[in-house]
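Have a look at the sequence and the model, then work through each task before you read its solution.

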Amino acid sequence: MIIGVPIVSLIAFMILAGANEEVSLKLTWIVQALMWIAGETGNAAPGELNPFQPLISGIVYSIIMFAGAYFFNLKLKTPR
């Protein structure tokens, strides 16, 4: 569930943003940040994405999730 919710939210947001070309959200910093995470550089040809941006974003996301799991594992351990 921790992994599924952000992925489903991202897909739903992309579908909603792409449904209407005149949506004002298409030019906000949120959409630009999501496109950067997806690998869009802005100066590349259409369809060419940079693979290192999603890789770095995934590593940062994994580190945050592992740190949170480790913290809660230590906090919720039952004493012997």
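Helices here are DSSP runs of H or I with at least four residues, numbered from the N terminus. The model is a predicted one, where local features need pLDDT of at least 70, side-chain atom pairs count only at pLDDT 80 or more, and totals for chains, interfaces and linings use all residues. Residues are numbered from 1 along each chain as its sequence is written, and side-chain values use heavy atoms, with hydrogens and water left out.

**Exercise 1.** Find the helix that holds Val 31, and decide whether Val 31 is buried or exposed.

*Solution.* Start with the place: Val 31 lies in helix 2. Next, recall the cut-offs: buried means under 20% relative accessible area, exposed over 50%, and partly exposed in between, using a 1.4 Å probe and protein chains only. Val 31 has 13% relative accessibility, so it counts as buried. Finally, look along the chain: Phe 13 is 18 residues away from Val 31 in sequence, yet their C-alpha atoms are 9.0 Å apart in space.

**Exercise 2.** Describe how helix 2 and helix 3 are arranged.

*Solution.* First, the general idea: two packed helices are described by the angle between their axes and the distance between the axes. Each axis is a line fitted to C-alpha atoms over the stretch in contact, and angles run from 0 to 180 degrees between N-to-C directions. The axes of helix 2 and helix 3 come within 6 Å and cross at roughly 100 degrees. That makes the two helices roughly perpendicular, a label for angles of 65 to 115 degrees. Then name the residues that meet: Trp 36, Ile 37 and Ala 38 from helix 2, and Gln 53, Pro 54 and Ser 57 from helix 3. Sorted by class, this contact has four nonpolar, two polar and no charged residues. Here Ala, Val, Leu, Ile, Met, Phe, Trp, Tyr, Cys and Pro count as nonpolar, Asp, Glu, Lys and Arg as charged, and the others, Gly among them, as polar.

Terms used. Angles under 35 degrees count as roughly parallel, over 145 as roughly antiparallel, 65 to 115 as roughly perpendicular and the rest as oblique. Contact means heavy atoms within 4.5 Å.
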